[in-house]
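Reader: Hey, can we go through this one together? I'd like to start with the strands.

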Amino acid sequence: MLHGLIVRRRVLSLWRCFLQCRSIESKPAARSAAPDSVISALRAICGEEGVSLSEAVRKQHGKDESIHGCQPPDVVVFPRCVEEVSALAKVCHNHNLPIIPFGTGTGLEGGVGAVKGGVSFSLRNMDQVLDLHQEDFDVTVEPGVTRKALNAYLRDTGLWFPVDPGADASLCGMAATSASGTNAVRYGTMRENVLNLEVVLADGTVIHTAGKGRRPRKTSAGYNLTNLFVGSEGTLGIITKTTLRLYGIPEAMVSAVCSFPSVQAAVDSTVQILQAGVPIARIEFLDDVMIEACNRFSSLSYPVTPTLFLEFHGSEQSLKEQVDTTQDITQSNGAADFQWATDAEDRNRLWKARHDAWYAALALRPGCKAYATDVCVPLSRLPQIIVETKEDLIQNRITGPIAGHVGDGNFHCLIVVDPKDQEEQDRVHLFTERLARRALAMDGTCTGEHGVGLGKRILLCEEMGPAAMQVMQGLKDTLDPKNLMNPGKILLPVEL
């Protein structure tokens with residue numbers, strides 16, 4: 001009885017906190033609250049140029065690309081090596097200052113906001129590719145290395161890193177959010193592609209999640225600490241190195257586009273393609289609203305119907321077999337206008353609609369802002385959730401074309417909202433909660449790849465249940481007993 005009362009009181013308190021965090025309006029950047037002695041200690045570690053109190057710099061590090069308002073830190077530091085990160089963390093730990101890791105700021109759930117002030121650790125100066133083992137298909141990078149920078153570095157090796165979330169995000173940041181993207185159906189998410197991590201804990205301790213310098217392709221040794229930190233969003237430690245799997249660049253690539261009479265037909269084709277053993281590299285879905293927006297924005301002429309964009313990787317011979325099989329399957333499900341291309345220029349032309357989806361959605365309402373939210377469900381439930389979501393969007397007068405990684409059951413609503421219209425913002429917030437709960441009711445998840453951050457903390461509780469959340473809280477309390485690591489993210493505040 002008492003436990004139930006405590007839980008209800010806590011939920012009410014957490015809900016009030018949640019509503020405060022959902023505000024789109026930015027908060028003013030207050031003057032630094034860090035004592036002068038702390039600032040001096042930080043400067044002693046990374047120099048005058050490595051510490052910034054500038055309002056502009058602090059605002060830059062207080063917001064990502066989500067709709068959550070800017071919550072600037074008190075100080076921004078720019079460490080150059082793991083030793084400096086460790087020393088800075090010790091200063092923050094000794095003075096009870098929150099620590100917020102910052103990569104490129106491309107997150108979509110408010111993960112970098114300094115909700116309790118503190119120190120933002122901007123990791124852009126740690127931008128070295130440290131160890132490349134071509135024969136072992138792995139590489140170790142620092143947190144300032146982005147996915148595009150790594151693939152540029154690998155260009156002449158015959159290798160590449162295929163996880164592509166769209167933005168040119170930092171690779172350690174991608175590990176921290178368990179990012180994925182268009183290639184996940186073939187190559188997996190970050191969770192499947194991280195072999196080892198170097199992590200600085202809240203008190204400055206440096207650990208290696210698979211053992212220092214180790215990079216086996218598989219292991220059954222002890223607890224899986226690597227995957228504990230993948231997806232932890234900076235709440236357990238600062239990732240200062242990641243060792244990644246690499247892949248051989250395919251001998252050839254083929255892209256294809258085909259239109260369908262319904263969402264069901266497009267998803268049925270997807271399931272049958274996967275069941276046929278076609279090693280599809282990318283299979284993307286755009287609904288009719290998204291296709292129409294892309295046609296307008298990019299001067300294209302695709303039929304305004306549910307559409308699949310596909311890509312195949314392999315040898316010349318295997319690609320012919322893959323394309324033939326896929327064409328047979330899609331046509332059996334009513335597909336029309338099946339187009340395919342092999343050379344890079346034609347492939348880019350076919351994929352232009354998918355690549356420009358974000359900007360095409362924005363162009364539907366000039367002067368407004370876009371907000372992307374995502375969920376993931378079992379493949380068999382995808383048609384139902386997309387149809388119900390489209391009905392919800394229409395009924396509530398929300399502009400939200402849909403694009404998705406259909407091979408994973410993951411899709412995004414690219415919602416275009418007027419930041420000056422509070423009533424519309426409220427409608428959008430309620431819609432995103434209904435969407436997430438709709439996914440949970442279909443045995444899915446409230447986020448397939450964006451992460452939890454600020455926006456989906458209550459939904460995470462609903463998804464995981466109280467026992468699992470208690471375990472997560474216990475892990476957090478053990479690794480970060482002072483609650484200094486990116487406080488307020490993933491886990492709701494503990495209040496009794």
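Author: Strands E13 (residues 280-286) and E17 run antiparallel and are joined by two bridges. Strands here are DSSP runs labelled E of at least two residues, numbered from the N terminus, and two strands pair if DSSP finds at least two bridges between them. Before we go on: this is a predicted model, where local features need pLDDT of at least 70, side-chain atom pairs count only at pLDDT 80 or more, and totals for chains, interfaces and linings use all residues. Residues are numbered from 1 along each chain as its sequence is written, and side-chain values use heavy atoms, with hydrogens and water left out.

Reader: OK, which residue stands opposite Gly404 in E17?

Author: That's Phe285.

Reader: And how many bridges join E17 to E18?

Author: Four, and E17 and E18 (residues 410-417) run antiparallel. Ala403 stands opposite His412 in E18. The hairpin of E17 and E18 has four residues between the strands, and Gly409 takes a positive phi near 75° there.

Reader: Which way do the residues of E17 point?

Author: Ile402 and Gly404 point one way from E17 (residues 402-405), Ala403 and His405 the other way, and all are buried. Buried means under 20% relative accessible area, using a 1.4 Å probe and protein chains only.

Definitions and conventions. Buried means under 20% relative accessible area, exposed over 50%, partly exposed in between (1.4 Å probe, protein chains only).
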